[in-house]
Amino acid sequence: MDSTYKYRKYRIEREVLNEQRLEELAQRKTDAKPSLINQLKESIRCTVPKLKRGVLSTFPAFYWLPKYSIREYGMPDLISGISVGIMHLPQGMAYALLASLPPVFGLYTSLYPALIYFFFGTSRHISIGTFAVLSIMVGGVTERLAPDVDFLKVNGTNVTTEVDIAARDSYRVQVAAATTVLGGLIQVVLGLIKFGFVGTYLSEPLVRAYTTAAALHAVVAQLKYVFGVLPARSNGPLSLVYTLKDIFLLLPQSHLPTVVVSLVSLVLLIAAKEINSFLSPRLPVPIPVELITIIAATLISNYGHLNRNYSIPVVGEIPSGLSSPIVPDVSIFREVIGDAFALALVAYAISISLGKTFALKHGYRVDNNQELVALGLSNTVGAFFQSYAVCASMSRSLIQESTGGKTQMAGIASAIIVLVTILKLGPLFQELPKAVLACIVFVNLKGMFKQYSDIVLLWRSDKTDLVLWLVTWVSTLLFNLDLGLAAAIMFALLTVIFRTQLPTYSLLGNVDGSELYVDIEIHEEAREIPGITIFRSSATVYFANAELYLEALKEKSGLDITKMIIYKKRQAAKEKRRQKREERWAQRQAKTEELSDQTAVFCVEKRAKTWRDTSMKKKGTENSADGKINIAFVKPNATDGQLRWEYLKGGDLDGTSFGWTSEQMDGDATTRGSSSKDPQIRDLERISLGSLGKWTWDIHSIILDLSTANFIDTVAAKTMKNIFQDFGEIDINVYLAGCQASVVQQLERGHFFSESITKKHLFASVHDAVLYCLDHRGQESSLVMNSYTKL
């Protein structure tokens, strides 16, 4: 009565859906679908709605620009654009020094890419232009391919130590443009083939650690301007260490006037930044600290003749007007392809993370693939006008959003500010000391240095992400920016493999009155269904964790299948040897005794009994508590004209009842006649196997929940097939539940299904599989359990 009640508790009046039934339902919809030819015709047919969707997806600005409200958005975008444009000026010139390029090219980089992104970008709040990390990466390429030693001036037969700065800067601009074009083309191609998810391989801890380490590279790169020294440029692994070593060795030779300018600029900038932060809640627009600093420094340098009187390095000539477009040198592509790919990934990761942050805050959508295309076109087109690699700037994007910017019209306003500076105001900054620009870089990297607090947060939340953060930081510092990024991505992938190799395995139970199945160890309200084991892994089963999956299934179910099968084979071999000995002994007995009736039952182990009695008397032991003696009876049975011997262990002479005894003749728990197909003998064999250890005989079905698997490889498929076969040997049915359509297709291609494993073993959900098991094995298992209890 109790078992019937428990069975009905899980009963829900609906159709049980297995894979075969799902295919039948899907076939009806397939028959109603149009043919492949009609689908092809429909795809190539050009209609007005389809053309409109294509234009809007390619040029997202055409979607919101017709709806633009000047009254609502005009003034906020203008104020925001002016604020960001003012920041573009000092940052553009300062970051150009990081890229080892003349400052005017930083202004070009702040102009052209912003105009291109206006038409193709989907984010309304990010500010496209120069960024410290990308500038450092570009600087590594330009100084590697165009070092100072390659541009020493020749005076007659002697080589002087003077560098041909004009020739060097000209070639560095070509290198930067070629690297930027190639990186932009990579981004465009990735976007067109819908590869926007590539940015997901750069997780947030990885990107933050990478930018933190890049900030240190930026600081070290600017130390030569702060102290007025000229350290040897190092490239490749450990270049940061070698550069720092040279700077420390050159500190006694520091240029004192330059150091004074640097210290004064740093103090004033830090103080002004702190005041700005304190007053920011009360100010509608932040104070342009950097712009005020460069204006003041330029005036002081110009009227104080700092360059002429104290030899303080200044920016130098800044040409006015726009330069004509130049086709980048394609021959450089071969030497910078690795750097271009790294630039493409880092720029996209930073931009998409900022874009999604603002989109989530303001309630609009950012398209991953379109962002790749927009960023790629910004880089590619801008490089023809001597721009270098760009991405979204954290500081400028925050200013653009916090000052009320609503759309990318703010980007147009900032570009106009930069354009006016290039056309008319550029030459005014020629006397600006480079040390001031270096100090501006230092102060703007303050936000990146705050990211060291991630170590404490990750220590408390996720140790694996903490290790990833530290490995990324160390590898970027030691191996440089390009190799460091590659090492960080490889380690990130290793952490994914590591996590999938050690997933969480759990047994599921049913929440009463629902179709919900949860981990019984976590949820107290979940109850395990009698006779059914539901097993789930938190990760996809594939070659790296397939063996662990099988071991976890054995542990959770309490069934050591491998040990049982080995034991079974070993006992079968012993039984064969025992049968041969007994058959030989029976043949000798048959010569001396006459068989009067082939259906009679006679004892064949009398002598063995005597031996046992004698030996036990010598040892002073008793055979059993109830005085029964284990005797194997041989019952000859003629079937189909052939004589078959049956061995009945511990039974009565009529063979109608059996008792639980241990065979002491051979010192094991083997049941005689295990090779027989007689169901009673097979049941006894099961009982003998139960003595191996944990064995829950109320299990008649195992359901493998594969809802977490998004793919399955050949190794995992073979493991699943072995599970079916191994558990089938002890009469336990195995079913798969929650398989995605792609997983089922992979199983079909791998020839997983056969006569013994059909699609009837696949179910749409765990609950469907449970209902099927209860229908087909629930009552049967209770009967078998009762018979085992009687034994």
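Ala737 has Phe763, in strand 14, as its bridge partner. That bridge belongs to a pairing: strand 13 and strand 14 (residues 762-763) run parallel, over two bridges. By pairing I mean that DSSP finds at least two bridges between the strands. Strands (E, at least two residues) and helices (H or I, at least four) are DSSP runs, numbered from the N terminus.

How does the chain get across? From strand 13 it passes through helix 28 (residues 741-749) to strand 14, a right-handed β-α-β crossover. Right-handed means clockwise from the first strand over the helix to the second, with the strands pointing away from the viewer.

A word on the source. This is a predicted model, in which local features need pLDDT of at least 70, side-chain atom pairs count only at pLDDT 80 or more, and totals for chains, interfaces and linings use all residues. Numbering starts from 1 along each chain as its sequence is written, and side-chain values use heavy atoms, without hydrogens and water.

Now the other side of strand 13. Strand 12 (residues 701-705) pairs with strand 13 in the parallel sense, over five bridges. The chain goes from strand 12 through helix 27 (residues 714-728) to strand 13, and this β-α-β crossover is right-handed. In this pairing, Ser701 stands opposite Asn733 of strand 13.

How covered is strand 13? Mostly: four of the five residues in 733-737 are buried. Buried is under 20% relative accessible area, exposed over 50%, partly exposed in between (1.4 Å probe, protein chains only).

Last, Ala769, in helix 29 (residues 766-790). Ala769 is buried, at 0% relative accessible area. Beyond neighbours within four places in sequence, Ala769 contacts Ile703, Ala737 and Phe763, with contact meaning heavy atoms within 4.5 Å. Ala769 and Ile703 are 66 residues apart along the chain, yet their C-alpha atoms are separated by 7.1 Å.
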